[in-house]
Amino acid sequence: MLNKQQIRYCLDKMAQMFPNAHCELIHSNPFELLIAVVLSAQCTDALVNKVTRQLFQKYKKPEDYLAVSLEELQQDIRSIGLYRNKAKNIQKLCQMLLEKYNGEVPKDRDELMKLPGVGRKTANVVVSVAFGVPAIAVDTHVERVSKRLGFCRWKDSVLEVEETLMRKVPKEEWSITHHRMIFFGRYHCKAQSPQCHVCPLLELCREGKKRMKSRGDHLARTE
């Protein structure tokens, strides 16, 4: 596993590579962000943005989602994976926001996690992006990058990855590090074809070195 100095180097390099890393879900308030993050589970941000462009014109507040039938809401988000379940959760979530939180999105992660369809990752994104609370949301990109680089162990659970990053990254950098790692994973260290051959972190990356070695062995065999 990387030591603190090596992790610092990785974080600084990611900052250079992606100085404008940010949340790519388009929203104009905490409520829209909450809905967008719920919709984004096992789905790309690009597809969610495509759907919410019209969705957020039709539904402005929790009451609007409850004013239509479940079937109508399902139709409006039909192109998104798991749309039936997500529509159900959105209506329950809106009901709960009205009954328990005066229609406002709670600023506390534990309160957010009481809402249907909101797990720890979703809650971390909302508190971090909407309210500026330091948090590291571990999605597939953050988990993959953390494990490939050796910030944490291969066998670590998502929660263990989050706790390790919180220990090893300065608190004031949690939120921006989350976005930079997502950009690094989404656009550079991709799941299927990571760009190891041009990666500035190759020398520190156990996974990258292994991939380059097997690539070199393969090329040697085919020459």
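User: What pattern does the protein chain follow along the sequence?

Analyst: Reading along, you get α-α-α-α-α-α-α-α-α-α-α-α. The secondary structure comes to 12 helices and 0 strands. Helices here are DSSP runs of H or I with at least four residues and strands are runs of E with at least two, numbered from the N terminus. Before you go on: this is a predicted model, where local features need pLDDT of at least 70 and side-chain atom pairs count only at pLDDT 80 or more, while totals for chains, interfaces and linings use all residues. Residues are numbered from 1 along each chain as its sequence is written, and side-chain values use heavy atoms, with hydrogens and water left out.

User: Why is aspartate 45 called buried?

Analyst: Buried means under 20% relative accessible area, exposed means over 50%, and partly exposed is in between (1.4 Å probe, protein chains only). Aspartate 45 comes in at 16%, so it counts as buried.

User: What makes arginine 186 and aspartate 45 a salt bridge?

Analyst: The rule is a side-chain nitrogen of Lys or Arg within 4 Å of a carboxyl oxygen of Asp or Glu. For arginine 186 and aspartate 45 the closest N and O atoms are 3.2 Å apart, and the pair qualifies. It also links distant parts of the chain: arginine 186 sits in helix H11 (residues 174–187) and aspartate 45 in helix H3 (residues 45–58), 141 residues apart. Arginine 186 has a relative accessible area of 22%, so this end of the pair is partly exposed.

User: Which other pairs pass, and how do you know that glutamate 111 and lysine 114 belong?

Analyst: Glutamate 111 and lysine 114 meet at 2.9 Å, N to O. Both ends are partly exposed: glutamate 111 has 25% relative accessibility and lysine 114 has 44%. Arginine 153 and aspartate 156 also pass, with 2.8 Å between the closest N and O atoms. There, aspartate 156 is buried at 5%, whereas arginine 153 is partly exposed at 38%. Arg8, Asp12 and Glu173 are joined in a network of salt bridges, and the search of the whole structure finds 13 salt bridges.

User: What makes the buried residues of H10 line one face of the helix?

Analyst: In helix H10 (residues 158–168), Val161, Glu162, Thr164 and Leu165 are buried. Looking down the H10 axis, they fall within an arc of 165°, so they line one face. (The arc is that of the directions from the helix axis to the C-beta atoms.) These residues pack against helix H7 (109–112), helix H8 (120–131), helix H9 (140–149) and H11.

User: Why are H9 and H11 called roughly perpendicular?

Analyst: Their axes come within 8 Å and cross at roughly 80°. Angles of 65 to 115 degrees count as roughly perpendicular, under 35 as roughly parallel, over 145 as roughly antiparallel, and the rest as oblique, so H9 is roughly perpendicular to H11. Axes are lines fitted to C-alpha atoms, for helices over the stretch in contact, with angles from 0 to 180 degrees between N-to-C directions. The H9 side of the contact is His141, Val142, Arg144, Val145, Ser146 and Leu149, and the H11 side is His178, Met181, Ile182, Phe184, Gly185 and Arg186. Contact means heavy atoms within 4.5 Å.

User: What surrounds histidine 179, and is it buried or exposed?

Analyst: Histidine 179 lies in helix H11. Its relative accessibility is 11%, so it is buried. Leaving aside neighbours within four places in sequence, histidine 179 is in contact with Ala21, His22, Cys23 and Val129.

User: Which residues touch the most other members of the largest nonpolar core?

Analyst: A nonpolar core is a set of buried Ala, Val, Leu, Ile, Met, Phe, Trp, Tyr and Cys residues joined through side-chain atoms within 4.5 Å. The largest one has 39 residues, and Leu34, Ile35, Leu55, Tyr65, Leu93, Leu112 and Leu115 touch the most other members. Helix H2 (30–39), H3, helix H6 (83–101) and H8 each give it two or more residues. Apart from it lies another core, of 26 residues, among them Val145, Phe184, Cys189 and Cys205.

User: Why is glutamine 42 called exposed?

Analyst: Its relative accessible area is 74%, so glutamine 42 is exposed. Glutamine 42 sits in the loop between H2 and H3, and its phi is near 55°, a positive value in a residue other than glycine.
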